[in-house]
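Please work through the exercises below with the sequence and the model open beside you, trying each task before reading its solution.

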Amino acid sequence: MHLENKGGRLTAGVREMELHQTSVPMTAGLGGQGLEGLSNRKPQHGVSRADPLNSDSSGLAGQSCWAPVDQDFGSFLTEWRCHSPLPESFSSRSGDVCFTESTPLLRNSSTENGCCYFRGDNPDALLSVSRRLSADHPEAGTPEAAWKGPSGEAVDSTERREFPVGTPGRLRLSKLRRCVRWLKVTGLFVFVVVCSISLSLYPDQGKFWQLLSVSPLESYSMNLSSRADSTLLQVDLAGALEVGGPSRPGRDEHVVVEVTQAEAPGSRWRRPQQVTHNWTVFLSPRRSDRLVVSRTFEVLSRETVSISIRASLQQTQPVPLLMAHQYVRASVEAQVAVAAAILAAVYALIIFEIVHRALAAMLGSLAALAALAVIGDRPSLTHVVEWIDFETLSLLFGMMILVAIFSETGFFDYCAVKAYRLSRGRVWVMITMLCLIAAVLSAFLDNVTTSLLFTPVTIRLCEVLNLDPRQVLIAEVMFTNIGGAATAIGDPPNVIIVSNQELRKMGLDFVGFTAHMFVGICFVLLFSFPLLRLLFWNRKLYNKEPSEIVELKHEIHVWHLTAQRISPASREETAVRGLLLGKVLELQQLLAHRLHTFHRQISQEDKNWETNIQELERKHRIVDRTLLAKCLTVLGFVIFMFFLSSFFPSIHLDLGWIAILGAIWLLILADIHDFEIILHRVEWATLLFFAALFILMEALAHLHLIEYVGEQTALLIKGVPEDRRLTAAIVLVIWVSATVSSLIDNIPFTAAMIPVLLSLSRDPEVSLPVPPLMYALAFGACLGGNGTLIGASANVVCAGVAEQHGYGFSFMEFFRLGFPMMVVSCTVGMCYLLVVHVVMGWN
């Protein structure tokens with residue numbers, strides 16, 4: 001297909017598309033109108049569009065650039081725009097850059113009469129020209145190192161140049177970077193290959209459960225043949241069991257498991273001694289309960305292992321149980337060391353941004369599964385899938401769909417302008433209002449839902465005020481985690497603690513837990529707001545450059561990112577990618593011109609906010625009031641159902657189901673025809689990260705990492721003198737919980753720590769009250785989420801949404817603000833618990 005003949009005239013059947021200097025917005029649902037029939041529309045992202053170059057900036061300002069395309073290409077391009085987060089302006093005219101397709105072979109590029117022609121399926125030529133352009137205009141930067149955010153701290157690679165282009169130092173630095181990249185790719189590939197081989201060499205170790213019946217008159221016994229390569233024997237029991245001591249003092253019903261084996265002979269004249277290990281498991285008075293408990297025993301020799309189970313009951317009625325056993329090739333200490341090494345490696349990949357955090361979690365999950373396979377405890381694929389918390393993923397997916405449709409109404413822009421009016425142009429008043437509202441809302445909603453609703457509003461508000469959204473988002477999500485700890489339904493660890501049946505019997509109900517935590521969180525908030533002001537004392541919330549420069553750099557970043565996401569699988573996609581890269585070149589020229597025109601200055605607080613607010617209210621209005629009414633109705637019903645499901649157990653719908661049903665309702669009411677537009681706005685990388693993280697945490701639990709942390713904490717508490725034991729227990733539990741929750745997911749840690757603390761309180765040698773320990777666990781698990789970027793689900797969701805809008809923040813950026821907030825908030829919570837439970841004796 002030839003789109004240009006020898007004489008430069010267009011052939012029949014080909015429609016010309018003149019790309020003027022003025023921006024032509026692209027909207028969804030225009031069908032085959034292409035690029036000619038597009039009408040002006042108010043930008044949804046609030047970014048000031050590129051003004052045309054002045055006549056003195058380019059000698060070709062009066063020329064026009066032609067891009068001949070097929071008749072269906074315009075409709076294809078318009079339809080493709082719906083699936084990509086493109087800026088609303090689509091101007092590919094440049095003063096000295098034109099695009100055309102000449103032959104199906106699509107050569108590199110040619111220059112005729114000062115106009116550079118690029119073939120659609122070789123966009124590398126555009127990149128090369130972009131590099132030459134950045135050499136002529138260093139201020140504009142290159143597409144490969146485009147602007148990373150609006151703050152101006154990391155604008156482009158030209159600001160980080162250490163050597164002039166072409167010098168030996170520059171060449172050596174380039175070779176060093178290529179070498180480091182080659183080592184990274186090679187090392188990770190070798191690691192993945194080794195893990196894959198490990199998984200292929202060891203089969204799935206499915207557990208074979210045996211049904212048995214025990215009573216005071218009848219016991220059960222069996223003999224097992226030992227294995228030469230085994231170090232531990234793991235025995236699992238399932239049935240009406242309890243963790244720790246008996247729930248009622250007068251009812252001591254238990255089962256004793258005896259594991260006997262002859263130790264290895266020391267000499268030929270010495271007779272082997274029989275070694276017996278006893279394991280006592282208490283029975284639940286409710287025979288319908290089912291709990292799985294496990295314990296490992298050391299294998300001393302290759303001799304036969306004998307297992308005997310006998311029961312101590314008040315009645316002679318037999319008790320049914322299920323038992324399974326398997327041999328493990330590594331000791332508990334070795335498994336804990338491997339698990340800690342895997343967790344440290346995953347954090348290294350995320351902290352230094354070697355790979356994306358989703359890929360880092362996937363690599364960690366693969367390493368943990370390979371370690372389980374090597375030690376002889378490889379789970380099946382079905383079992384691994386069961387480790388994923390689909391309720392959380394369903395909640396995320398459903399709320400992402402709701403927010404994606406909600407954003408089409410212009411409601412987020414409207415809320416941003418209203419918040420600007422309420423703050424009367426004062427930035428810190430506005431930030432305090434946003435953080436306080438987020439904390440209050442997250443006390444009654446899930447933290448993930450609060451982050452999904454607040455992040456788009458915050459980004460639009462910061463764009464309007466020329467603020468750095470990253471700093472405001474980090475502050476907002478930190479107070480979301482703090483506010484979630486105030487009630488029994490605000491954070492998953494609190495839900496796990498309150499829903500425990502044993503704790504409810506001890507008086508730890510919904511109202512009492514909420515009242516106790518709410519008072520403590522109020523004290524935490526009183527200290528957190530001054531600390532936030534102190535943390536931002538030397539940080540410039542305003543961008544270092546004028547808003548026009550910041551928005552232009554952001555637009556260059558979004559255009560280049562969109563071009564990279566297009567895979568040149570067809571001629572049309574290749575042509576679109578070429579057009580996008582051409583747009584990047586044009587905007588870089590405009591950026592170079594403006595950088596010579598404008599002087600860098602640090603913006604101050606807006607003194608003319610009353611004048612600006614009128615202009616902003618005219619620009620940012622509700623786009624579709626009918627759709628807004630539908631969205632508000634469905635979202636209000638979803639939030640109302642969240643409350644009902646928390647207070648009324650008769651509603652058999654969890655949060656995931658409610659979010660999914662709400663998304664389906666809104667999709668029907670909104671009459672969405674092009675469903676792929678909505679799916680494109682779903683944070684699939686965030687969902688994949690959570691799925692991989694759930695598998696990683698469960699695999700680390702199977703490697704006894706969480707159990708080991710709990711046991712060591714209990715040992716430390718037992719070693720403290722009795723008169724100081726409660727104080728030491730509160731301090732240790734809150735700081736261990738905060739530290740561990742900032743490193744791993746707080747949900748499995750909370751679930752693992754509750755039995756440990758219950759067993760510790762029932763130990764007659766310790767005799768600690770249960771409520772202070774549970775409050776300390778709740779404070780540490782919830783507030784510890786502010787320690788790192790992956791410490792809480794809300795952090796990851798906020799980072800994913802911000803990254804989709806072009807304002808992603810790194811692990812260290814969050815850590816520099818979140819870790820001090822975690823230390824201060826946990827200190828205040830610890831002091832509150834010590835005063836209430838140690839000084840006042842409220843136990």
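Predicted model: local features only at pLDDT ≥ 70, side-chain atom pairs only at ≥ 80, totals over all residues.

Residues are numbered from 1 along each chain as its sequence is written, and side-chain values use heavy atoms, with hydrogens and water left out.

**Exercise 1.** Find how far apart the closest N and O atoms of Arg-378 and Asp-204 are, and state which parts of the chain this pair ties together.

*Solution.* Start from the criterion, which asks for a side-chain nitrogen of Lys or Arg within 4 Å of a carboxyl oxygen of Asp or Glu; by this rule the count comes to 6 salt bridges. In one of them, Arg-378 pairs with Asp-204, the closest N and O atoms being 2.8 Å apart.

**Exercise 2.** Determine which residues are linked with Arg-470 in a network of salt bridges, and whether Arg-470 is buried or exposed.

*Solution.* First, the side chains of Arg-470 and Asp-468 meet at 3.3 Å, N to O, and those of Glu-813 and Arg-470 at 3.1 Å. Glu-813 belongs to helix α27 (residues 811–839) and Arg-470 to helix α11 (residues 469–484), so this pair ties together parts that are 343 residues apart in sequence. Then turn to accessibility, where buried means under 20% relative accessible area, exposed over 50% and partly exposed in between (1.4 Å probe, protein chains only). Arg-470 is buried, at 6%, and Asp-468 is likewise buried, at 1%; Glu-813 is also buried.

**Exercise 3.** Describe how helices α14 and α25 pack, and which residues make the contact.

*Solution.* Helix α14 (residues 510–535) and helix α25 (residues 770–783) pack at about 55°, with their axes 11 Å apart; axes are lines fitted to C-alpha atoms over the stretch in contact, and angles run from 0 to 180 degrees between N-to-C directions. The two helices are therefore oblique to each other, since angles under 35 degrees count as roughly parallel, over 145 as roughly antiparallel, 65 to 115 as roughly perpendicular and the rest as oblique. Finally, the contact (heavy atoms within 4.5 Å) is made by residues including Phe-513 and His-516 of α14 and Tyr-775 and Phe-779 of α25.

Definitions and conventions
Helix = DSSP H or I, 4+ residues; strand = E, 2+ residues; numbered from the N terminus.
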